[in-house]
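Hi,

Here is the structure I promised to pass on. Have a look at it first, and then read on for what turned up.

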Amino acid sequence: MKSEKENFKYQSEKFADIEILRYQVPGFEELTLKEKKLAYYLYEAALSGRDILYDQHYKHNLKIRKTLEAIVKSYSGDRDSDEFKKFIIYTKRVWFSNGIHHHYSTKKILPEISTEYFRQLISNSDQKLFPVEENETINQFIEKLTPLIFFPNIDSQRVNLNPNTDVIKSSAGNFYEGLSQKEVEEYYKKVVDKNNPTPISYGLNSKLVKENGKIIEKRWKAEGMYSPAIERIIYWLEKAVSVAENEIQKSTLLKLAEFYKTGDLKLFDEYNILWLQDTDSRVDTVNGFIEVYSDPLGYRGSFEGIVSIKDLEATKRMKAISDQAQWFENNSPIDEKFKKKNVIGVTAKAITVVVESGDSSPSTPIGINLPNATWIREKYGSKSVNLGNIVLAYDLSEPEELKKEFSYSDYEIDLANKYEAIADTLHTDLHEVIGHGSGKIMPGVGAPKQTLKNYASTIEETRADLVALYYLLDEKLIEIGIMPSIEAAKAEYNKYIRKGLMIQLARIEIGDNLEESHMRNRQLISKWAYEHGKDEKIIERKIKNGKTYFVINDYQKLRKLFGELLKEVQRITSTGDFEAAKNLVEAYGVKIELELHKEVKERYDKLGIPPYKGFINPVLNPVYENEKIIDVKIKYPDDFTEQMMFYAEKYSFLLSSS
Ligand code: ZN
C-alpha cells in the first residue's frame, strides 16, 4: 500500500483562468522493451498530428502561433517588463486553447498589449523566424496579422451555435469555406443515404469548400490536406505495427494507417470495429478525427491522440473487490428479497495516460467512451475507460487551502492529507464494481429509466454511492488488503460531507437549483444523513469565526444511517416507486439553502482557484545502441512554456492550410 503522493509536484503554474498541472505514469518503467517501443511509436504518432487541430480551429492559427513562438524564442528587448509578461500570458492562453479562441467558450481571446507593442516585439526579434510569405515585407506581414489578433469583431467566435444566425458563416473554425449553412445542409441531404443501416461518418475527415461554384471535400489524408503531418502519423503507426502485442492489435493499427493513407471512411469504421475487439493489449491508443463538437453542424472530427497503458494496479484492486461481490451482496443492509443470489462483479477498466495531443491536450477528458458511430456501438459495443492517473492528478492537486477552508479541525486536514487519495480511489472502485451491479429489480417491474423516469439517474448514482460509503467503513476492506486503515474511510466520509453540503455549491450560480445527477445525489445523501442524525448530532453544524462547518461526531452511527438510506433507495429501485423517488430527490437533492450558498461562494472565490485545468505531458526518450532502441526513458517536465516550445520545435509539420 504505497502512498501515490510521494514527492511528485502536481501543480505547475496559474495564469488567466487556467491552472497547469502535471501527471505521472505509474507502471511505465515496468513495461517490457517491446511494450515501451510500442508506446513510444504511438506517442510520436499522437504528437505528429498536433498542428492539425490548430488549423482546424482557425485557418490563421498556425501563422499566429509561429509568430508568437518566434518572439518567445528571440525577443531581445526587456523580458521583465509588465508588457512582456502580458504578451507571455496571451501566448500561453493560445497554446492552452490550441488557437486564438478560448478552449471552452470558443470566444476570441484578446491580448492585453497594444498593437504598437506587438510591432515592437516583432521588430526586436529574429526576423528570419517569422512565417512571412514570399513577396511580403515584414510591415505587410504585421498589417495582415494585427487585425486577426487584436480586433474583437473579426472572427470573434470559433463555434457559434446561436440558432438565429448562419452557424457556418458566423463560426471562425476552419471546416467550411465559401458556404452558407443552407448550402451545407442541402449538400448532406443529397449525399447521405438514409436507408443504409451502416452509414459512414459523413464529413468526418474533410474540409468542405466551394470552388468555382462547385462543392468539394478536401480530404485530410496522405497527399491531401494536412499531408505532411498525416505522413508522419502513418510513419509512426507503421513502426508501431512492427512491435504490436498481438495479431488483433496489428490489424487494428494497420487499418488505421490505411485509413490515413486513403481517407476512406469505410476503413475508419472497420478500424473501430477491430479496435473494439482488442481488449488484451497492454498499450492502446486513440488517434484520429474523433469528436465533432467543434463543427457547429457536427460532421467534422477534431484531431486527437491519446496513448495509454492498462492500469494493472487498479485492475488488481478492482478484481479483489469483484471477487468478493457475493459477500458484499449477502452482507448488505438491503431487504433480503432485493438481493441477488448470483452476483457478478463488474470489471471497470482504468487506463494510465502516457501522452495526450490535439483535442485532448492540454485540457483533457477524464473518461472516454468510443467509437462514436451509433450503428457500431449498437452492433459491437463501445470501450469505456477512466483516465486513472489524470483523475488522480486532479485529486492530489486540489489545493491545500480548499481543504483548510472547509475543514473544522486539524485532525480532519491531517486525515485528508494522509488518506484522501487512496480513499477516493476505493470509493470509486466500490461504486463502479459493486455499487451499480448490486441488488435486483422485482419481476414485472420495468427498468428504472421507465419507472423512475427523470429521477432514475440520481437514484441510481445515490444507490451506488451509498453502497460505496457503507462498505468503506467495513473491516472487510482491510482484510482483503485494499485499505490501509479504517482512518482512510473516515477521511472519505469527511470529504463526502464537505463536498456534498458545501464545496460543490461553489460551481452553481446563486438562485439556481442543483440539476446534474451526481451533484444531486451527493447533496441528497449528505443532507438526508445530516437531518436524520440531527437529534444525536451525528453530523453537527458548527460556526467558527462566522464560518459554517459540518463535523462528523460519530462515524459508526453515520455508517448506519447510510445503511438505512441504502435500504430505502434499493426498495425504490427494486419496486419502481416513482413517488418515493420524487419525494426523496426533491426534498434533499435539488434545493440549495440560499444563505449557505452565498457563504460558500464567497469563501471559495477568495481562494482564487482557476476554473480550468490542463496538463503538461510526460516526455518519452528512446535510448539507442548501435542504432537500435534498447530502452525508453520517461521524464516529467515541469514548465508549460518549455513544453510548448519543444513541441513547436519538433512537431511543426504544417504552416497553413491549402
Ligand atoms: Zn455511477
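First, a definition: on a 1 Å grid over the protein atoms alone, a cavity is a set of points where a 1.4 Å probe fits but cannot get out, and a pocket is an open set with protein on both sides within 12 Å along at least five of seven lines; lining residues have an atom within 4 Å of a point. Grid points are joined across faces, edges and corners, and a volume is the space filled by probe spheres set on the points. By this rule there are four cavities of 30 Å³ or more.

Before the details, a word on the source. This is a predicted model, in which local features need pLDDT of at least 70 and side-chain atom pairs count only at pLDDT 80 or more, while totals for chains, interfaces and linings use all residues. Residues are numbered from 1 along each chain as its sequence is written, and side-chain values use heavy atoms, with hydrogens and water left out.

The largest cavity holds about 250 Å³ of space. Among its 18 lining residues, D284, S308, I351, K383 and V385 are the closest to the centre. Strand β7 gives the most to this lining, with four residues (helices, H or I, at least four residues, and strands, E, at least two, are DSSP runs numbered from the N terminus).

Now to strand β6 (residues 283-289): seven of its seven residues are buried, so the rest of the structure largely encloses it (buried means under 20% relative accessible area, exposed over 50%, partly exposed in between, with a 1.4 Å probe and protein chains only). β6 pairs with β7 (residues 303-310) in the antiparallel sense over seven bridges; two strands pair if DSSP finds at least two bridges between them. In that pairing, G288 stands opposite E304 of β7.

The second largest pocket has a volume of about 470 Å³. Of the 23 residues lining this pocket, S201, L204, N372, A373 and T374 are the closest to its centre. Helix α10 gives the most to the lining, with five residues.

Finally, the zinc ion. Its protein donors are H431 (NE2), H436 (NE2) and E461 (OE), lying 2.1 to 2.2 Å from it. Donors are N, O and S atoms within 2.8 Å of the metal (3.2 Å for Na, K and Ca); water is not among the atoms, so sites may look incomplete. H431 is buried, at 8% relative accessible area, whereas H436 is partly exposed, at 28%.

Best wishes
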